[in-house]
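Here's a quick briefing to read alongside the model. Take a look at the sequence and the fold, then go through the notes below.

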Amino acid sequence: MSLLRDMRYPTPHELALAARAMADEHPARVRLRQVGESRGGRPLWVLSVAGRGAGEVLVVAGAHANEPVGGATVLELARRVSGGPGDGTGWHFLLCADPDGAELHRTPRPCSLLDYHRHFYRPPGPEQPEWAPSLLPPDRLPPETLALTGLIDELRPVLQVSLHATDLGGSWVQLTRDLPGLAEPFGKSAAELRIPVETGASDAAGWASPGPGIFVMPDAGVMGSHSEDTRLSTWCHRATTTAIVEVPMWASDLVDDPAPHPDPRGALRGLAGRLAGEAARVAELREGVGAADPDAAALLRAVDWTLRLIPQVTAGWTGPGTPAGATTAALSSVDAFGRRLSLRAAAMLLRVVRAQGHPAEAALDRLVTGWCEEFSARFRARPVPVATQVEHQSRTVLAARRCVQTGQA
């Protein structure tokens, strides 16, 4: 695929064109259909490869606008399953769950963390297709969410896979229920491709871990870094077995270090203080900045939502429930999570003030540039080629499907 050789992430339009070509090449088995429209009127496309009664698998790409690798992965997976005899599984690929967000996050070929954040966008939680049900009442759900839940209702998949990416760190998998046997092929793939495994992913803090980098969602009460109830997300719609596969754009071996941290409570207090201070600097520069157009309004909603989230995060790090013991990997994951929150808010605000010629532009530019450089240096970031990200996600998806089949036998 030329996009992968060129180190590019496909746009939603490029995804649709490639999917159409695949459907035309295999008309007996492959079908492309529209299952809805975004709030902005953009089509939501599903590419399906017919099976023979062995169950349906739904793979979701583009649920987070700033995580574009999933689109490339679904094309690669569709190519693999449509080109061979298959195992009877019906495969369905939602090409991009949030095409509006993908249009606003414009980094098809980021060469550095700074390049990635120059055109950064991640919508607030209530506007994210998978998270909206955990934050909004049913009558206010966005059309992207309704299209996704409608697809789950229609397909009743034996497995749903949501493809995600982290800017800097390692790979991990979150599961709504355990898939015995997944840890071995997942870990083998990561090792072969030189991708670190996040053994203490902050998104899954306190979750059961049947193997390195594999985390099983609790029934209730332990949300990791999520402020929302993950059990209300589309991951759990109709009690579907779901695997959320994360892969890094830039890798850091610090998130794969199992050594005990000498002072986790002290480290968390320090990280909370730094994050609170960074958020205060962004909030000060946010004062008086207004929205001159719809893009600016979307960016500012995301800035404000992120700034409101940060006090909840710091309270969780310093509260009475803070664990007394933790690994260096876990503290590194928390460190990275905090850095990206303030950096994202600053980066999105910078886009707005730059377009308006606002006086805050120079100060924000210094913040974003400095924080990107510090983030990269602190974690000794190394780029993961797009083709490598895609290969690891593809292997993990296929391994998860094999695990489901084994469990059904």
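Predicted model: local features only at pLDDT ≥ 70, side-chain atom pairs only at ≥ 80, totals over all residues.

A residue is called exposed when its relative accessible area is over 50%, buried when that value is under 20%, and partly exposed in between. The chain has 409 residues, with 12 helices and 10 strands among its elements.

**Two arginines with positive phi**

- R156 isn't a glycine, yet its phi is positive, at about 45°.
- To find R156, go to the loop between helix 6 (143-155) and strand 5 (159-169).
- Is R156 buried or exposed? R156 counts as exposed, because its relative accessibility is 54% and the cut-off for that label is over 50%.
- R194 is another non-glycine residue with a positive phi, this one near 60°.
- R194 sits in the loop between helix 7 (183-192) and strand 7 (208-211).
- With a relative accessibility of 55%, R194 counts as exposed too.

**Overall build**

- Does the radius of gyration point to a compact globule, or away from one? A compact globule of 409 residues would come out near 22 Å, and the chain has 20 Å, so the two agree.
- If you box in the C-alpha atoms along the principal axes, you get roughly 60 × 50 × 45 Å.
- Buried residues account for 58% of the 409 in the chain.
- Take the contacts between residues at least 6 apart in sequence: 79% of them join residues at least 24 apart.

**Cavities**

- How many cavities of 30 Å³ or more turn up in a search of the whole structure? The search finds two.
- The second largest cavity holds about 50 Å³ of space.
- Its lining is made up of E278, R339, S342, L343, W371, E374 and F375.
- Helix 10 (328-356) and helix 11 (361-378) are the elements that each give two or more residues to that lining.

Methods: Residues numbered from 1 in each chain as written. Heavy atoms only, no water. 1 Å grid on protein atoms, 1.4 Å probe; cavity = no way out; pocket = protein on both sides within 12 Å on 5 of 7 lines; lining within 4 Å. Points joined across faces, edges and corners; volume = space filled by probe spheres on them. Helix = DSSP H or I, 4+ residues; strand = E, 2+ residues; numbered from the N terminus. Rg over C-alpha atoms; globule rule 2.2 N^0.38 Å. Buried < 20%, exposed > 50% of the residue type's maximum accessible area, 1.4 Å probe, protein only. Contact = heavy atoms within 4.5 Å.
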